[in-house]
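Visitor: Hi! I'm new to this one, could you walk me through it?
Guide: Happy to, let's bring it up.

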Amino acid sequence: MEVRTSAIDGVLLFVPTPHRDDRGLFTRTFDAAIGAEHGVDLGALAQDSQSRSRAGTIRGMHTRRGAGEAKLVRVAHGAVHDVLVDARPASPTFGTVASFRLDDVDFHHLYVPAGLLHGFQAISDADVCYRIDRPHAPGEDLGVAYDDPDLAITWPVEVTAVSERDRTAGSWKQLLADLGA
């Protein structure tokens, strides 16, 4: 399994090597020893979640106040355009936006450290799996509108569905004020 760094400090892309033959394929979706070699201890993960989204759906941009939330994200079925924004004021990559294609062909999965905004758009119908280091606490949820002009995120396909929560999320400037940045 290869591990790649990204434009955002602490974000890692895990690239497995699927074994394909006439039966189909087999791939390891995560290896704790390889993660540990790169400073990722996923032994503390507290929750597994999965979402199913129709093509064009946007989910995000979400983060949590307090200790934040680290997660490992992968696509079990379909493809998504996954987007991260560094919302950690003390980070050397603060404000950086990075995007990744996650799909059920290459099986790349993304380690997202605490303090980042995270969201995605389903490029096709897609199932997204998350391994999260803390139980969900709704009172800690923060968000930024997926179409905030200060972030200027480019979504690859027509937007077909967005939740009310995501449609009415605050701005990047409001988030910075909430974080005291």
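Visitor: Where does alanine 152 lie?
Guide: In this predicted model, alanine 152 sits in the loop between β13 (141-143) and β14 (161-162).
Visitor: What is phi of alanine 152 near?
Guide: Near 50 degrees, which is a positive value in a residue other than glycine.
Visitor: And is alanine 152 buried or exposed?
Guide: Alanine 152 is exposed, because its relative accessible area is 55% and the cut-off for exposed is over 50%.
Visitor: Okay, what about phenylalanine 107, where is that?
Guide: You'll find phenylalanine 107 in the loop between β9 and β10. Phenylalanine 107 has a positive phi too, about 65 degrees, although it is not a glycine.
Visitor: Does phenylalanine 107 count as buried or exposed?
Guide: Buried, because its relative accessibility is 12% and buried means under 20%.
Visitor: New topic: how many residues are in the largest nonpolar core?
Guide: There are 20, and those with the most contacts inside the core include Val80, Phe100 and Leu110.
Visitor: Which element gives the largest share of this core?
Guide: That is β12, with 4 residues.
Visitor: You mentioned Leu110. What is leucine 110 in contact with, leaving aside neighbours within four places in sequence?
Guide: Its partners include Val11, Leu13, Val73, Asp82, Leu84 and Phe100.
Visitor: What does the second core include?
Guide: That separate core has 16 residues, among them Leu142, Leu151, Ile153 and Val162.
Visitor: Last one: which peptide bond is cis?
Guide: The one from glycine 60 to methionine 61 is cis, with omega near 20 degrees. Methionine 61 belongs to strand β6 (residues 57-64).

How values were computed: Residues numbered from 1 in each chain as written. Predicted model: local features only at pLDDT ≥ 70, side-chain atom pairs only at ≥ 80, totals over all residues. Heavy atoms only, no water. Core = buried A, V, L, I, M, F, W, Y, C linked by side-chain atoms within 4.5 Å. Buried < 20%, exposed > 50% of the residue type's maximum accessible area, 1.4 Å probe, protein only. Helix = DSSP H or I, 4+ residues; strand = E, 2+ residues; numbered from the N terminus. Contact = heavy atoms within 4.5 Å.
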